[in-house]
Amino acid sequence: MANKLIVSLSPHVHGGDTVSKNMYGVLIALIPAFIVSIAVFGVGAFIVTLTSVAACIFFEWAITKYILKRDKTTILDGSAALTGVLLAFNLPSNFPIWMIIIGALVAIGVGKMTFGGLGCNVFNPALIGRVFLLISFPVAMTSWPQTGQYDLYTDAVTGATPLALMKSAMHGDATALQQLPDALSLFLGNNPGSLGEVSALALLIGLAYMLWKKIITWHIPVSIILTVFVFSGIMHLVNPETYAGPVVHILTGGLMLGAIFMATDYVTSPMSHKGMIIYGIGIGFLTVVIRLFGAYPEGMSFAILIMNAFTPLINTYFKPKKFGEAKTK
């Protein structure tokens, strides 16, 4: 009885996709952004990423073995490593190691394994860890090292990010927007920020790779970016001296990272294409609202987590067409 042959009802379809194949595909897509982070921030980027990945893998193994009491480990499917990379990409390059470990514990222990592990979590685990760290250690999470300090880690000189300058403009600083880097610098990546947000070009290369490999579809990233462009563009037209232009909003902060690599998480995003577009529009709108009117300069993480909570409702009303189902008129 150990080797039972289980036959299910037709249709029988084999797509060739596996969890590990998709997870490692996303990790490959993140390589350009990682290379840029090393080039911009030096050893700090490597330390933060290595610590986060190692901590996430360890906590998933330990929780699976000693708390959930499962014999089969999941640390080789790539999901824990991906959570570690995405968490690191949301952190400054001088973030203390002990705080990274706490963030990894919250990401894996609370954001993922508490719900039962991969496929059961309601919220993106890396963002759970990131938001926890932001609320618990706001000073460390908002101290951004200047670029070019390749041999420094905790003693790096910090500076204002483009998002911080945009927030200063909204608080009445008339010269803040004039200090923003030009669009080309934001696109290529030569400004303070978290590891994964400094180069839009590197992230777009990753997007192209995942679309080519059919790891994700265009619906979520494009709907988020277009929504941000429209709403931030409207605010810029209303008051260009206070609100930055839409291109700046798209190229700064974690918008590209979130739209391409975090909002597209299989487990926490809708299943249907219509649902994905609604989900993306919600994230884009909330991101602009939080950036312009909220307490934090960045709103991408909160917007994704909020829409993660709406995913089951979206799936209820926008279900994928069943195999063989005829089109309705």
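In which helix is Phe231 found? Phe231 is found in helix 11, where helices (H or I, at least four residues) and strands (E, at least two) are DSSP runs numbered from the N terminus. The structure is a predicted model, in which local features need pLDDT of at least 70 and side-chain atom pairs count only at pLDDT 80 or more, while totals for chains, interfaces and linings use all residues. Residues are numbered from 1 along each chain as its sequence is written, and side-chain values use heavy atoms, with hydrogens and water left out.

Phe231 has a relative accessible area of 32% and is therefore partly exposed; buried means under 20% relative accessible area, exposed over 50%, and partly exposed in between (1.4 Å probe, protein chains only). Together with Phe229, Val230, Ile234, Val238, Val247 and Phe285, Phe231 forms a nonpolar patch on the surface, and the accessible area of these residues together is about 610 Å². Patches are made of residues with over 30% relative accessible area and no salt bridge, like charges being joined within 9 Å and nonpolar side chains (Val, Leu, Ile, Met, Phe, Trp, Tyr) within 5 Å. Accessible areas come from the Shrake-Rupley method with a 1.4 Å probe, and for residues only the protein chains shown count as cover. Helix 11 (residues 219–238) supplies the largest share of the nonpolar patch, 5 residues.

Side chains of opposite charge can pair when their charged atoms come close. With a salt bridge taken as a side-chain nitrogen of Lys or Arg within 4 Å of a carboxyl oxygen of Asp or Glu, the count comes to 2 salt bridges. One of these joins the side chains of Lys112 and Glu60 (2.7 Å, N to O). Lys112 lies in the loop between helix 5 (97–110) and helix 6 (125–136) and Glu60 in helix 3 (residues 43–67), so the pair ties together parts that are 52 residues apart in sequence. Lys112 and Glu60 are both buried. A salt bridge is also formed by the side chains of Glu298 and Arg291 (3.0 Å, N to O), and Glu298 and Arg291 are likewise buried.

Grid points are joined across faces, edges and corners, and a volume is the space filled by probe spheres set on the points. The count comes to 4 cavities of 30 Å³ or more, and the largest cavity has a volume of about 270 Å³. Of the 21 residues that line the largest cavity, Met23, Leu82, Leu86, Asp265 and Tyr266 are the closest to its centre. Two or more lining residues are given by each of helix 1 (19–29), helix 4 (79–88), helix 6 and helix 13 (255–262), and helix 4 gives the most, with 4 residues. Ala80, in helix 4, is buried, with a relative accessible area of 0%.

Lys69, in the loop between helix 3 and helix 4, has a positive phi near 60 degrees although it is a residue other than glycine. Lys69 counts as exposed at 61% relative accessibility. Lys214, in the loop between helix 10 (200–212) and helix 11, also has a positive phi, of about 60 degrees, and is exposed, with a relative accessible area of 70%.

Note on methods:
On a 1 Å grid over the protein atoms alone, a cavity is a set of points where a 1.4 Å probe fits but cannot get out, and a pocket is an open set with protein on both sides within 12 Å along at least five of seven lines; lining residues have an atom within 4 Å of a point.
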